[in-house]
Amino acid sequence: MSPSPPSYSDAPDASAQKQVDGSKPDLHLWKLPRGRHGLPPELIAQSQRERLLAAVVRVSAAQGYQATSVADILKEAGVGRESFYKHFKDKEDCFVAANDTLVADLEARVAVAYEEPGSWPERVRRGLATTLEWFGSNPEIARVMMIEMGTVGPIASERFRTTFRRFTALLDDGKEFIDAAPDLPNLSKIAGGAVFARVYEEVALGNCANLPQLLPQLTFELLLPYIGEAAAKKELRKATKAEG
Amino acid sequence: MRHEIGSLEEPGVLTPTVPLDIGVRSHRQRILAAMARSCAEKSFAATTIGDIVKRASISRGTFYKHFKNKRDCFDATADAFLVELEAVASEALTDAASPTDAIDRATAAVLERLAAKPAYADLLLVEAPNVDPAIVLRYRSIVVAALDALWRKGKEGKRAAADPELTFGRAKVLIVDHLAGGEAARLPSLHSELVYLALLPYIGHDKALKQARL
């Protein structure tokens, strides 16, 4: 018998409406009381699923996805093997589901920052700041989303690529706001690629904590292909002020 | 006197036309090709020495004569392809009239080679960062040093504000996006945008756009 679907869904969009409070996302590892507790089965199922997702993130960040076994995840989550297979087909399924909820969470936070009124470069800077702070204060999550996702296999790699495209697609409306944005077929990828490359590198080298202080430089690099040197430098100075 | 494999001289008794180490060389080539194919199919992590040995039709003992272990073999494969790309690029820019022209030609030549050898391209650009990010940092420094040298030679130092390391990163992201999407054959279509990127840190956004004819 399969449990009723918990609020987390496999569709990355589903939890985008989740409340965004700007605080650190929690890796839920609290355990339910042992023995008879009379909790409804849906709640138990949801709790198990959330703990498994948090556990796969923690364990993969610490020892690498390839070296992680289902047994490691069960131990970290305090969930039995039978329950694991009620929720997930295998280790990969669990890992990709965890990544999806993380992507949805980050996407929702970035959307809030980006949609607040302001000039387009300002909105871009706010979205970028949110991303850098999120990765900066969550090294385990950064490791999983940026590095480990690439080591899983074809399904995860395709998902990884889709995620990159979803984030760069946010920049696509820049053309509406920027006079004479150049006609590069891959403009948003060229802009976002600088951020992606730098974040990837810092995370790979274990320097997540450095990310927030890269905001001025990366604001410049992100906006450069859209607005050119002089205007991008102005935004760099604003970002330095906003940070200081 | 050494001879290239496949040279068409008359077989001689006193001077061999076939290099004496041809067997060893072809073993090595076969091992590298097997590593590239296996990584493309099932990733480096899932590749075993057994996979490589089987694909290369060699013995396990032969493998260990050439390489210490799987990682050693991977590094050799990545390095060999990098050397190949360097050769392709430097050949393309020998007759270039200016640094801009050199970048234009070298970019076209490299893209063509990447498109022709997608398994190797995948190994160098998609797998290598997963295996060890230090590999990518090493070849990034080679590419950036080559670009810097090109502009020093033209008596024009770096003068725009964009970071050449991030330019490399942007180009890599763009190429990987195509490779991962199974669009290796379409890599040459990125030519203008990659020329823009290579010029961006040196002549700035406006001139780079113009030079790349965008």
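Chain B is split by its domain assignment, automatic or from a database, into domain 1 (1-67) and domain 2 (74-211). This is a predicted model, in which local features need pLDDT of at least 70 and side-chain atom pairs count only at pLDDT 80 or more, while totals for chains, interfaces and linings use all residues. Residues are numbered from 1 along each chain as its sequence is written, and chains are lettered from A and ligands numbered from 1 in the order in which they are written.

**Between the domains**

**Between the chains**
- Chain B brings 24 residues and chain A brings 27 residues to their contact.
- On the chain B side, the largest share, 8 residues, belongs to α8(B) (helices are DSSP runs of H or I, at least four residues, numbered from the N terminus).
- That side of chain B holds 12 nonpolar, 6 polar and 6 charged residues.

**Two helices side by side**
- The axes of α8(B) and α9(B) are 8 Å apart, at an angle of about 170 degrees (axes are lines fitted to C-alpha atoms over the stretch in contact, and angles run from 0 to 180 degrees between N-to-C directions).
- Therefore α8(B) is roughly antiparallel to α9(B), a label for angles over 145 degrees.
- Residues of α8(B) including B:Leu174 meet residues of α9(B) including B:Leu197.

Definitions and conventions. Contact = placed C-beta atoms within 7 Å. Nonpolar A, V, L, I, M, F, W, Y, C, P; charged D, E, K, R; others polar. Parallel < 35°, antiparallel > 145°, perpendicular 65-115°, else oblique.
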